[in-house]
Amino acid sequence: MAELQFREALRQAIDEEMARDENVFIMGEEVSEYNGAYKVTEGLLETYGFKRVIDTPIAELGFAGIGVGAAMNGLRPIIEFMTFNFAVLAADQIINHASKVKYMLGGQVSVPIVFRGPNASAGQLGATHSVAYESMYAHFPGIKVIHPSEPGDAKGLLKSAIRDNDTVLFMESEQMYGLKGEVNEDPEHLIPIGKAAVKREGSDVTLVTHGKIYHTVVKAAAELAKEGIEAEIVDLRTVKPLDMDTVIASVKKTHRCVVVDEAHPFAGTAAEVGYLLQRDAFDDLDAPVVRVTLPDVSAPFSKPLFDAWFPSVKDVVDGAKQVYYKS
Amino acid sequence: MTKEAIFTPVGKAAEELATPKKSGKKGDSLYEKAVDLPEPTTAAPAKLGLKKGQLLEMFESMVLQRRFEERAMQMYQKGKFGGFLHLYIGQEAVSTGTTAALKDDDDIITAYRDHGWGLVRGVSARQGMAELFGKATGCSKGKGGSMHFANVEKHFWGGYGIVGGHIPLGGGLAFANKYKGLDRLTTCFMGDGAVDQGALHETMNMAQLWKLPIMFIVENNGYAMGTATRRHSTGELWERALGYGMKHRVVNGMDVLSVYEAMKEMATDVRKDSMPWFVEIRTYRYRGHSMSDPQKYRDKEEMEEFQSLDPIERLKTVLLDKKMATQKAIDAIYEKVEEEVMDAVEFADNSPFPEDSALYEDMYSEPNPVFHR
């Protein structure tokens, strides 16, 4: 084990997988000579050369699609988006092609590709650089969506994503790249896609979360503990496939659940988890499931407005108290 | 601002549109025809290195593509299957001349007008017809239908339904071939409508930048659905190559020998230089965009003019004139093809639909994938 930054954990995963399989390459804006917009790919050019660490023009639709075609033809591309906000320009390639080609050609091809980059908000970046896209992509069959919150999970899951034989979206956060955490340095240590992790045990309320806002939830759990409420934190890690077994096992213990999701409320991950809980764990719930999400409003720039927009520790604490009928 | 200036094309196209070429009376052609065909090749088949046997194969292939689709249309009208049905009829010289000129392991990818492309790349008439019928025996197991014929084993990567969406995929096929050091070129076909899509331009830029062994080939049949080329795209289509410094060529797509000659030369060049080409092959489709197209955007004279240039009739004339085939031999080919197509219809009709369990197959590579429910 080593203590690494999130970006270093990602780099180690990419480096190990590129060393292991010469068909793995990475492509995206500024990944090569510039060493990565967020320095995830720092040093990879020196090791692997221009053939396997490829700078692209600012043409998301084009290079995402070239990645899909290369994956169909035997390679294993890692396509870096500077942010998933820009990946919207490539949505046709992700949604209409990567996820569907195998099925519509009756299984004649596979698309082993990873699309990765930061997702959701990262401070005062304004409306177009702050969107959480995971539930949108999770809507479509044929796409796996990973959104880890800690460096150790990030490495093990990214390695699984690169070795997966189908399309995987791997989501990060600009604000987590410097975050440190314990990382397993065994090159064969993989974390399976689609498995949630109980990150804090507690008997009173289950807090379901994923991605960067996990760290808000950790703080909220500490606050709740001060008031005698022991929260159990389930970090989904993978949004699709969604590991409801772990969520339900926790709810059977706590009988109360708050879903904390750094996305807009409509048809998001929180809505999905809430539906599945009422369907599959109705009798185990002592209170309706509460969700804490962004409002149905685009990201504002102004600091006070942004702070009002982004779910706070207090919002999570209040959510927990709501399912505890305590205020 | 003049009244005419609003939302009309600019430049040459505007002049052509604004100037009636003929009287403008009913039944008279108001505008220039859909595409101006360049002169066909003057080289004799022998000079192109084409032997009698190959020419007969090409002829049979074109007849098969034509009859396959004529029967498919009948079956559609009889209600044997639903969905879209975009017919390639009139454009067969493009698929046939191309595959004859390429090596068997060169990659081909195209849009949704793909039946002919499947048939020239190893999709049998039976597998093709069964795919149209949505049967388990179809080339894509009945999961693709008319727009998604494919034979990946034979390097036909399929037909694609989002206009322009498959162009980056073509770029990726070429990228992988170059990455792996294979002496294999990619031909990425598209309709004239796709020329306006950003996907083409992003891919052309990267292809030229990275020296990808690919040919971007427009089958300009004069219409993007119902909008004439000069009404949807400014200037000449081939001029798109100029902005990228890309090699380019305009080819007569109603003459299979012209297509063969051009493709052979360009393929040799791509193998030598690994630099892309942008190619405009001018052709014509005789049928509507799909089955529900009343075709009010073009007139009868235009259709008749292009039908008089029919690529199958043209090759037949060459075969007869050069005494490479007798009328009897030609007739025998038509009969053989007719039998093959009728057999395909029978096969498709008698084939089973996919099992219910097939619904969940081919979504993922792993044996027991998780489906959300």
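**View 1. Chain B on its own.** Of the 373 residues in chain B, 49% are buried (20 or more other C-beta atoms within 10 Å of the residue's own, with C-beta atoms placed from the backbone). This is a predicted model, where local features need pLDDT of at least 70 and side-chain atom pairs count only at pLDDT 80 or more, while totals for chains, interfaces and linings use all residues. Residues are numbered from 1 along each chain as its sequence is written, and chains are lettered from A and ligands numbered from 1 in the order in which they are written. Chain B has twelve helices and eight strands (DSSP runs numbered from the N terminus: H or I of at least four residues for helices, E of at least two for strands). Its C-alpha trace spans about 65 × 50 × 45 Å along the principal axes.

**View 2. Where chain B meets chain A.** Here 36 residues of chain B are in contact with 38 residues of chain A (C-beta atoms, placed from the backbone, within 7 Å). On the chain B side, strand 2 (156-159), helix 6 (167-179) and helix 7 (198-209) each give two or more residues. Helix 6 of chain B gives the most, with ten residues.

**View 3. The two domains of chain A.** Chain A splits into domain 1 (2-183) and domain 2 (197-323), with bounds from an automatic or database domain assignment. Their C-alpha centres sit 26 Å apart. The contact draws 23 residues from domain 1 of chain A and 22 residues from domain 2 of chain A. On the domain 1 side, helix 7 (134-138), strand 6 (144-146) and helix 8 (151-163) of chain A give two or more residues.

**View 4. The open sheet of chain A.** Seven strands line up in the order 3-2-4-5-7-6-12, with mixed pairing (strands pair if DSSP finds at least two bridges between them). Strand 3 (53-55) and strand 12 (238-240) of chain A are at the edges with a single partner strand each, so one side of each has no neighbour in the sheet.

View 5. Strand 6 and strand 7 (residues 168-172) of chain A pair in the parallel sense over three bridges. Ile146(A) has Phe170(A) in strand 7 of chain A as its bridge partner. Helix 3 (residues 60-72) of chain A packs on the sheet, touching strand 2 (24-28), strand 4 (76-80) and strand 5 (114-118) of chain A.

Key: Two residues are in contact if their C-beta atoms, placed from the backbone, lie within 7 Å. Axes are lines fitted to C-alpha atoms, for helices over the stretch in contact, and angles run from 0 to 180 degrees between N-to-C directions. A residue is buried if 20 or more other C-beta atoms lie within 10 Å of its own, exposed if 12 or fewer, and partly exposed in between; C-beta atoms are placed from the backbone.
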